Amino acid sequence: MGGLIGFLKRLVKVPLEARFGRLDARYAHARRLKSIPPIREALATIQRRWPASASTPEDAPVFILSAGWRSGSTLLQRLVMSDKRVLLWGEPYARSDLVRVLSESLRIFTAEYPRTDWFIDQGFQTGSAELSDQWIANLYPPPPDLAAAHRAFFQRLYAEPVLARGYSRWGFKEVRLGIEQAVYLKWLYPGAKFLFLYRDPYKAYRSYRIWRDWYYRWPQEPIFTPRQFGELWRSLVSGYLEGSQEIGGMLVKYEDLVDRRLDLAAMSGFLGLALAEQALVQQVSGRGVTPDPVPGSELRKLRRAVDPLAERLGYAPES
C-alpha cells in the first residue's frame, strides 16, 4: 500500500507541485488572504498591543475626500483655500497612491503577528549581551517607531513645504480614497478635519465619460466602464455615510455647494477657518468640454451599479 501511495504521489503530486508550488502552502495562502484584517481593525490591534503608538500631534490638516472624479473636489479645495492661511495639495502623486499603500502596509498586524519576541526591546537582551550572539533572523524596530515614521513621511512631504511657503495649515484633496484611508489619516493626525464630498453619480459620470482613462489604482485598475465608475462611487459614498461620524468628519453634497445651500458659517467653524463665498462665485476653467448625453445602454449599467444607494439619496437618471 505504501508503495502505491508513493507511486501516486510521484505521478500526481510531484508534477503538480513542480508547476504550482507546494499544495499545502497554497491552501495556507488562501486561508491567510481571508484572515487579513481591514485597516481600522489593524490599527486597533496596534493601539491595543502598543499603546505608545498613539499620536497627539498638534497639526490639524484638512483632508477633502471625494467620491470619484468630476464631483466638485477642486471647487471645494478652492473654497477651503479662500482662507489664505491654508494650502491644500491637489491629488499629490496620484499614481503613487501613497496614502493607500502606506495604510495597507499596516494590515499585517494581528493579535499574533508580528510576534512580540521579534521586537528589539521585548525579545532580545541589549545590555551587556552581544546581539550577534543571539538569534536575530527576525529583529524588528518597535511599532511606535513605525507609527512615527508614517507621520514623519507626511510631515516631510506635505506639511513642511507648506509651512516653508508661509502657510500655517496644510492638507490635500483626493478623489479615490475611502473611509478606511480616512481612519488611517485620523490615526496619524487626531486633530485632522475631514470633508467627505459626493455628487449625483449620473451627472458625475456624464462629465467623466469624455475621458474614461483614469485609474482607481494605477496601472492595474483603470475605470473604463459605467459599471466600474458606479461601483467605485457606491463603495466610496457608502463608506462616507457610514463612517464620517466615527472620525468627526463633515458630509458635503456637491449640489449644496454649487447652489450655495451650504452652511458656510458651520463649515468655517468646523474647520477653524474663515471661508469666503466668493470662491464659489468665481469661475476657474479646467477642461472646458461640454459632455454629450449618456447613451441608454450605459445609463442602465450605471444604475445597476449605484442603486439602491443613489435612489435613496434622491439621485436618478435624467428623463
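This is a predicted model: local features need pLDDT of at least 70, side-chain atom pairs count only at pLDDT 80 or more; totals for chains, interfaces and linings use all residues.
Trainee: What about the second largest pocket: which residues are the closest to its centre?

Mentor: The second largest pocket contains about 330 Å³ of space, and of the 20 residues that line it, Arg100, Gly178, Gln181, Tyr216 and Ser235 are the closest to its centre. To see where such a lining comes from, look at the elements that supply it: α5 (98-104), α8 (179-188), β6 (221-223) and α10 each give at least two residues, and α10 provides the largest share, with 6 residues. By class, the lining of this pocket has 8 nonpolar, 5 polar and 7 charged residues.

Trainee: How many salt bridges does the structure hold, and which residues are joined into one network?

Mentor: The structure holds 15 salt bridges. One of them pairs Glu104 with Arg217, whose closest N and O atoms are 3.4 Å apart. This pair links distant parts of the chain, since Glu104 lies in helix α5 and Arg217 in strand β5 (residues 214-217), 113 residues apart. Glu104 has a relative accessibility of 28% and so counts as partly exposed, whereas Arg217 is buried, with a relative accessible area of 19%. Another salt bridge joins Arg261 to Asp256, with the closest N and O atoms 2.8 Å apart. A further one joins Arg303 to Asp307, where the corresponding distance is 3.2 Å. Of these two residues, Arg303 is partly exposed at 37% relative accessible area, while Asp307 is buried at 18%. As for the network, salt bridges that share partners join Asp97, Arg100, Glu104 and Arg217.

Trainee: When I look at helix α14, which of its residues are buried, and why do they lie on the same side?

Mentor: A helix can be read by asking which residues are buried and where they point around the axis. The buried residues of α14 (residues 296-306) are Glu298, Leu299, Leu302, Ala305 and Val306. They lie on the same side of α14 because they cover an arc of only 125 degrees around the axis. On the face turned away from that buried side, α14 carries the exposed residues Arg300 and Arg304. The cover over the buried residues of α14 includes α9 (201-208), α10 (226-243) and α15 (309-312).

Trainee: Where is Arg260 found, and which residues does it touch, leaving aside those up to four places away in sequence?

Mentor: Arg260 is found in the loop between α11 (254-258) and α12 (264-271). With a relative accessibility of 45%, Arg260 counts as partly exposed. Not counting residues up to four places away in sequence, Arg260 touches Glu277, Leu280 and Val281. For Arg260 and Leu280, the separation is 20 residues in sequence and 7.7 Å in space, taken from C-alpha to C-alpha.

How values were computed. Residues are numbered from 1 along each chain as its sequence is written. Side-chain values use heavy atoms; hydrogens and water are left out. Buried means under 20% relative accessible area, exposed over 50%, partly exposed in between (1.4 Å probe, protein chains only). The arc is that of the directions from the helix axis to the C-beta atoms. Contact means heavy atoms within 4.5 Å. On a 1 Å grid over the protein atoms alone, a cavity is a set of points where a 1.4 Å probe fits but cannot get out, and a pocket is an open set with protein on both sides within 12 Å along at least five of seven lines; lining residues have an atom within 4 Å of a point. Grid points are joined across faces, edges and corners, and a volume is the space filled by probe spheres set on the points. Ala, Val, Leu, Ile, Met, Phe, Trp, Tyr, Cys and Pro count as nonpolar, Asp, Glu, Lys and Arg as charged, and the others, Gly among them, as polar. A salt bridge is a side-chain nitrogen of Lys or Arg within 4 Å of a carboxyl oxygen of Asp or Glu.
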